[in-house]
Amino acid sequence: MEVHREQITYLLDHGLNESAQTLGSFLVSSSPANAEVNLQLKAETLVLIGDALYQEREFHRAIHKYRKALQLYKTMPKQISNTRTSMSTSNRSSSPSNVNTSVMNENEVKFKIASSYCKLKETREALIEMEGIPAKARNLQMNLLLGRLYRITKHNRSAIACYKDCLRHCPYIFEAITALAELGCSAKDIVSLFPQTPMRSGRPLSDCLDSSRWLQRYVEAFCCIASNDYTGGLEVFTELLQRFPNNVHILLEVAKVEAVIGKNDDAIMNFEKARSIDPYVVTYMDEYAMLLKLKSDYIKLNRLVFDLLNIDPIRPEVSVALSVLWETKDDRRALTYAEKSIQVDERHVPGYIVKGYLLLATNRPEAAVAAFRGAQELRPDLRSYQGLVRSYLALSKLKEALSAARDFVKAMPHSAKATKLVGDVYASHSGSRDKAKKYYESALRLEPGFLEAALALAELHKVEGRLDDALSLLSRYLKDCTDDSLHVKLAQVYATKNMLQAALSHYQSALRLNPQNEAAKKGLERLEKQMKGLDPDAPEDDEENDVDDADIDQDD
C-alpha cells in the first residue's frame, strides 16, 4: 500500500489528477491486515486525493477529503502519528498546488482547506481554518494567505502583522510590499523589515541584484502612490524604468498612474509598449481599454477585447474591458459585465469605477454612490472621488458632494484635480459661482496646464456672459494642446458670441481630432441651422407625417 501511495504522488507530479483520484479510491477502500498503519496511509492518501481534486477545481470535494484525513489523523495513536509525521514532513510545501511533498501535517492540511475555501470565495470559513494554525507554525504561504483574509475582512492591524512577517522572511514578497503601502505603512518601516542576513555570496539579501537598492526605491514608489502622491510615485517609477527599460511590470505601473492623473497619451504609449514586449499580458488592460474609449479609438478597443478573450476570458480585467466596449451599444449588457468583474474579484477597483459611471449614465445615482463607495473602501483615487461627487450632484445633495470633494482635498492637498472638484460642486449652484471661480483659478495656479480646470472656468465665464474672458483663457491652450474638447468649448463660446464662422472652424477641428465626439456633432448640427437662419431650438418638421395627413385629406 505504501508503494501505491507513492504512485499517487508520482501521478500528481505529472498532472495526471484523474488517475491519481482513481488509484486513491482503491487505497482508501482497501482493508489490509495492519489497521493502525492503514489509518496512517488512508489519511495521507485522502490528502493526496484532496490535492488532485483541488487541481481539478473541485474545491468542495477537496475540502471533504481534507477533513476526513484530519479526522483519521486525530484517531491515530499519538506515538504512530508523531513518528509518521516526523518522517514525512521535512521537505513538504503546504500548497495544495504542490503535491510533491509530505501530506500528513495537520497545519498544512488546514491551510489546504482554507485555500479551497478562498477559491470558493467563502472568506469567513477560510479565516476560521487559518486562525486554527498557531502563529509559530505558520510558514510564508500561510502568513500571506492570512494577511489577504484579514485585509478582506478589514482587520487591518492583523493583516499588517502577517504581511510584515512575510517580509521578515523574504523581502521580495511584492504583494506584501504593496499591501503594507496601501495599509498606510511608511517606506522606512517597510524597508526596515528586510532581513539583513548575508546570503551565500556574503552580500545582504536586499543588495543581491544591484548596489543601487532598487527594491527600496520600489517600496518608496508604492508608498507615494498609496498616499496619493502620484507625481512622486511616477518620478520613482520612471527612475526604475531607466534602470530596467523593458520591465513590463514597471511599464504597467507607470501607465496606470499616468491614466489616473490624466496623462492619457503617455499612458496609452506605455500600455502599448508593455503589450509589444508581452502580447499576452492581462494586468491593467481594463485601464487601457478605458483610455481607448476616451480617445474613441474603437478599432483598437475591439482588437484589445478580442485578444483578451482569447488569452483568459475569466479574468476581471477582461469583464471590465467588455463592459467598456459595450457601453456605447448596450448599457444593460455593459453593466452586466461590470458586475461580473466584481463577482470574479470583489477587490477589483476598476469594476466598481466602471459600474458607478454606467449607473450614473443610466440615471441611477443612488446605486452609483454605492459603487463608488465600494471603490473607495478598497483604494480611493481620483476617479472614485469624482464619481462620488457627480453622483451626489445628480441627487441634488450638495452638502454630501461638497463633503466628498473636501475629503479629496484633504487626501491630496496640493492636487489641482482635487481643488477643481470642489469648484465643480460650487459651480452647480448659481449662488456660489464666485466660489467656484476661485477654486478653478486656484487649480490653474497649482497646475497651469490643467485643461479640465480651464474648460470649467471658461464655461463659468460663458454662463455669466464674460465671453471675451472665456476666449482669452482658452486661446492660451491652443498652441500646445490638441484636445478635441478644447475646440468644442471654443466653438460653443464663439457661437454664443454669434461668431458663427469661427465656431464652425473649431467644431470641424474637434471632429478631425475625434470623429466620434458627440458634443461636436450636436453643436455642428445646431450651428448649421443657425447659419441657414433657422431656429436651432425649433422642433423638427415631421415631413413623413405631413405627407400622411395630406393623403388622409385627399381620401376624405
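Axes are lines fitted to C-alpha atoms, for helices over the stretch in contact, and angles between N-to-C directions run from 0 to 180 degrees. The model is predicted: local features need pLDDT of at least 70, side-chain atom pairs count only at pLDDT 80 or more, and totals for chains, interfaces and linings use all residues. Residues are numbered from 1 along each chain as its sequence is written, and side-chain values use heavy atoms, with hydrogens and water left out.

The protein chain holds 31 helices and zero strands. Helices (H or I, at least four residues) and strands (E, at least two) are DSSP runs, numbered from the N terminus. Of the 556 residues of the chain, 49% count as buried. Buried means under 20% relative accessible area, exposed over 50%, and partly exposed in between (1.4 Å probe, protein chains only). A contact requires heavy atoms within 4.5 Å. Among contacts with a separation of 6 or more, 50% join residues 24 or more positions apart.

Helix H20 (residues 349-361) packs with H22 at an angle of about 20°. Their axes are 10 Å apart. H20 is therefore roughly parallel to H22. Angles under 35 degrees count as roughly parallel, over 145 as roughly antiparallel, 65 to 115 as roughly perpendicular and the rest as oblique. On the H20 side, the contact is made by Ile353, Tyr357 and Leu360. H22 contributes Arg383, Ser384, Gln386, Gly387, Arg390, Ser391 and Ala394. The crossing is left-handed: the near helix is turned anticlockwise from the far one by less than a right angle, whereas clockwise would be right-handed.

Two arginines of H22 take part in this contact, Arg383 and Arg390. Arg383 is buried, with a relative accessible area of 14%. Not counting residues up to four places away in sequence, Arg383 touches Val260, Glu287, Met290, Ile353, Tyr357 and Phe372. Arg390 is partly exposed, at 41%. With the same exclusion of residues up to four places away in sequence, Arg390 touches Tyr357 and Leu360. Arg390 and Leu421 are 31 residues apart in sequence, and their C-alpha atoms are 9.4 Å apart in space.

H22 (382-394) also packs against the buried residues of H23, as does helix H24 (416-427). Helix H23 (residues 398-411) has 14 residues. From first C-alpha to last, H23 reaches 20 Å, close to the 20 Å expected at 1.5 Å a residue. The expected span is 1.5 Å times one less than the number of residues. The buried residues of H23 are Ala401, Leu402, Ala404, Ala405 and Phe408. Seen down the helix axis, these residues fall within an arc of 160°, so they line one face of H23. The arc is that of the directions from the helix axis to the C-beta atoms. On the other side of H23, Lys399 and Lys410 are exposed.

Residues in the contact include Ala436, Tyr440 and Leu444 of H25 and Ala453, Leu457 and Leu460 of H26.

In helix H10 (residues 174-182), the buried residues are Ala176, Ile177, Thr178, Ala179, Leu180 and Ala181. Their cover includes helices H8 (140-152), H9 (156-169), H11 (187-191) and H12 (214-226). Just after H10, Gly184 takes a positive phi of about 100°.
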